[in-house]
Structures are given as C-alpha cells and as structure tokens.
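Please view the sequence and the model together.

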Amino acid sequence: MKNQCIVAVVILFSTVSLSAQSNIRLNNFWENTHYINPASTNEEYIGELSMAARQQMAFYGSGAPGTFFGSATLVSERTGTQWGINIFQDKIGYTQTHDFNLSYTYTIYLAHYWHLHLGLSANYQDVKYDISSITLDNATDPAVYNSLVSREWFNTNAGLELSNSNWKLGVSGNNLTSPYIEDSQPFVNTNFIYSMYRNRRRQSLIDWGAGISLIQTKKIMQLELNTMAYCKNQKQKDIFNCGLIYRSNADIGSIIGVNISENLHISYCFDFDTGGVNKNTLGTHELMLVYRFVKQKSCHCEGYNLLH
C-alpha cells in the first residue's frame, strides 16, 4: 500500500511538472527572437552566438526548475540565407527535457528597405527521467519505472518575419507536429504573433523601443508587452539598455543589458508573478550572453585595390 501511494505521487509529480513547464521560453526573447521564430534574422551582423540560463524557485535547491538556452546563426547576404541552431535543456526535479533544432531561413528583399524572412526548422526532442534520484522501499517495483520511460520524437517549427531598420513583425508556430504525437509534453504547440519597434535617431544618444506579442498555447492566450530604452555613444553604438516587461497573467519584470565591447553583450532579466500561487517563489532570474560577429568594412582606397 505504501509503495502504491509513492507510485501515485511520483506519477502525479511528473505530470504536473511537465504541465507546469510547458511553453518554456526566455523572458528576454526580445533580445533574440530566433529563439521563438526560425525566420528571425539579424542582418546587422554576419552571425551571432547566444547563451542564456534561467532559474526559477531557487529556494527549492537542486530540485528547482533550471533551464539552459543556446543559439547560433550564420547569415549570407550573397545568397540571402541564414543557417541556425537552437539548443534547449530544462531540468525540474528528476525530469529532464531537451530540444535540438536546425533551422534554415531565406530572405526576400522588398521595396523601401523591407525584408521578408521565411524560416523552417527540424527538431529532435526528448524527455528523460533520473531514476537514481527516486528512493523507494521496493527498488524493484516496476510500476514506477514503467511510468517513467524516456521518450523521444521529431518536431518542426515554421515562421515568417517582415523587418526594416525600425520595425520587426513576425508570426511563428512552434512544435507544429505535437498535436499528432502521443504524449508530447512539455513540447506543446505554441504560436506567436509579435511586433517590435525602435526609433533609431541619428542625432540622439537615446533610442526607445516597444514590443507586443500574442502567444497561444492550446486554449490559453497570453499578451506580453515590452518597452526598452537604448543609450548610445557619440558613434551611435549601443552601450546600455534597460526596460520593463508585462504579461497578462500578472507577471512583471525588468531587463538590463550592457555592451561589454562591439561584439559582446550581457543582459539580466528578473520577473515576478504578482498574483496566483507563484507570488511566493521569489521570481525568476535570467542571464543572457551574446557574441556578435561584426561585418568587415570594405576598403575602397586606391592602395588597397592595387594590392588586392
């Protein structure tokens, strides 16, 4: 009887954990929308490397949810294409989930400096359980182990993004094949519609920006708002940014970022649930590191042309 109760608790905990962690994403996905849309392209650079770590409910110790994100992109202006990789790992208790995807983006150059980006990704996903961290009186009880069998499958993301130097408008669908996969938690189908604007003024040392995003996960709709201020130097290069985020489920957060160099950017985000059961969880901490590969400036001097 005691083992049956433990089995029931283990199964319930694993189900609730996966459901609670569904639609896991960065708070600061505005910094790099390639995390949510395979079509997103940053044409200011020839490539980007991005890493982020997210920690929730830190007071729970080793069982607290912890998430790692990684992204890399390489842009070719000559062919109008981008290749990208996204890596995702999440751990809560004895449950681990992974998502590895390879994306391809094609750019169509429109009039008035507008660019249309079309993207598609192929994903490998899995859910695994650390059985060794579960303690039972009867270690050979098969009921627990049969309910915690590792699973793996393939999925896909698709999206499009319309952009110019000030605007970014995007639509994406993540985990599009999840509705046809039995028990695909936590990788459920999630759809994004977003718009971002930044007023790039050459004569000002401060720009401001704003964003709005509508996120659908199953029958749940969520609205997210973002506002940001960018501080620049005399050469119009960003040196510092800060902003606020708000979600319709009563989440509020702040973002602060610093350009360590022309290539390296670091940002920190903290968000807090002002309502519901999560108001006692001390919020979520998120740290992101971005390395950007700057385009080489062309030299048109006569001496350079003669030598090359």
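The text below goes from the whole chain to single residues.

The model is predicted, so local features need pLDDT of at least 70 and side-chain atom pairs count only at pLDDT 80 or more, while totals for chains, interfaces and linings use all residues. Residues are numbered from 1 along each chain as its sequence is written, and side-chain values use heavy atoms, without hydrogens and water.

The protein chain has three helices and 14 strands, taken as DSSP runs numbered from the N terminus (helices H or I, at least four residues; strands E, at least two). Of its 308 residues, 44% are buried, meaning under 20% relative accessible area with a 1.4 Å probe, protein chains only. Contact means heavy atoms within 4.5 Å. Among contacts between residues at least 6 apart in sequence, 53% join residues at least 24 apart.

A nonpolar core is a set of buried Ala, Val, Leu, Ile, Met, Phe, Trp, Tyr and Cys residues joined through side-chain atoms within 4.5 Å. In the largest one, with 26 residues, Leu 26, Phe 69 and Met 288 touch the most other members.

S8 supplies the largest share, three residues. Beyond four places in sequence, Leu 26 contacts Tyr 35, Ala 52, Phe 69, Glu 286 and Met 288.

Gly 66 belongs to strand S2 (residues 66-76). Leaving out residues up to four places away, Gly 66 touches Arg 54, Gln 55, Gln 89, Asp 90 and Lys 91.

Key. Buried means under 20% relative accessible area, exposed over 50%, partly exposed in between (1.4 Å probe, protein chains only).
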